[in-house]
Amino acid sequence: MARPRLVSDEDIITAVRRGVFQQGPGVSLDVVAGSLGITSPALFKRFGSRKALLMAALKPPEKPPFLDLLEHGPDQRPFETQLSQVVEAILGFLHDQYPCMTALRESSLTSADLKQLYKDPPGLRAVRAIEAWLKRAQEQGLATIADPKVSAMAILGACHMPVMLSHLGRIHSGAHTLSPGDVRP
């Protein structure tokens, strides 16, 4: 009879993510395993390889939570109110995910490895969802948008920039330069 697992896969993923944020993508898996009270071979037994473990811990979710907001809107509230809500949701998501995305890029994973994560990359999926949301807003008479696709890319880019600058400032100065509440849509 197999022993019950005392440490869940989610516990391992959380510990790896924490270790990467504290020490970088080269974090010792012995240290991660020790923090969980297990051995590093137990990590490999569960995930197969360091690469698989890093990908599981750092990859963005298949469906970013802000997509639900986009898929179910817009409604009849003022367009500016809804756009602000969408931008806040995207900013919150990016604020949480940017350290993971950066660590993935800094790890030993290749572009080919990262492309295998999703059939439809999350960034492309986000642009399509924002574009569709903007088109529906225009159809409902809530806004006039010259080019919804360009506008969608501009919105997503405008959300990425303050998060990226905050993250880079934190890396170089050691200080937290922006919080999600510091950036207003």
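**Helix packing and nonpolar cores**

In this predicted model, the axes of helix H1 (residues 9–23) and helix H4 (residues 50–58) approach within 9 Å and cross at roughly 90 degrees. Axes are lines fitted to C-alpha atoms, for helices over the stretch in contact, with angles running from 0 to 180 degrees between N-to-C directions. H1 and H4 are therefore roughly perpendicular to each other (65 to 115 degrees). Contacts (heavy atoms within 4.5 Å) join Ile 12, Ile 13, Val 16, Arg 17, Val 20 and Phe 21 of H1 to Leu 53, Leu 54, Ala 56, Ala 57 and Leu 58 of H4. By class, this contact comprises 10 nonpolar, no polar and one charged residues; Ala, Val, Leu, Ile, Met, Phe, Trp, Tyr, Cys and Pro count as nonpolar, Asp, Glu, Lys and Arg as charged, and the others as polar.

The protein contains nine helices and zero strands, assigned as DSSP runs (H or I, at least four residues; E, at least two). Of its 185 residues, 38% are buried (under 20% relative accessible area, 1.4 Å probe, protein chains only).

The largest nonpolar core has 26 residues, with Leu 70, Ile 90, Ile 130 and Leu 134 making the most contacts inside it. Such a core is a set of buried Ala, Val, Leu, Ile, Met, Phe, Trp, Tyr and Cys residues joined through side-chain atoms within 4.5 Å. At least two of its residues come from each of H5 (66–71), H6 (79–106), H8 (122–139) and H9 (148–173), and H6 gives the most, nine residues.

Residues are numbered from 1 along each chain as its sequence is written. Local features need pLDDT of at least 70 and side-chain atom pairs pLDDT 80 or more, whereas totals for chains, interfaces and linings use all residues; side-chain values use heavy atoms, without hydrogens or water.

Terms used. Parallel < 35°, antiparallel > 145°, perpendicular 65-115°, else oblique. Buried < 20%, exposed > 50% of the residue type's maximum accessible area, 1.4 Å probe, protein only.
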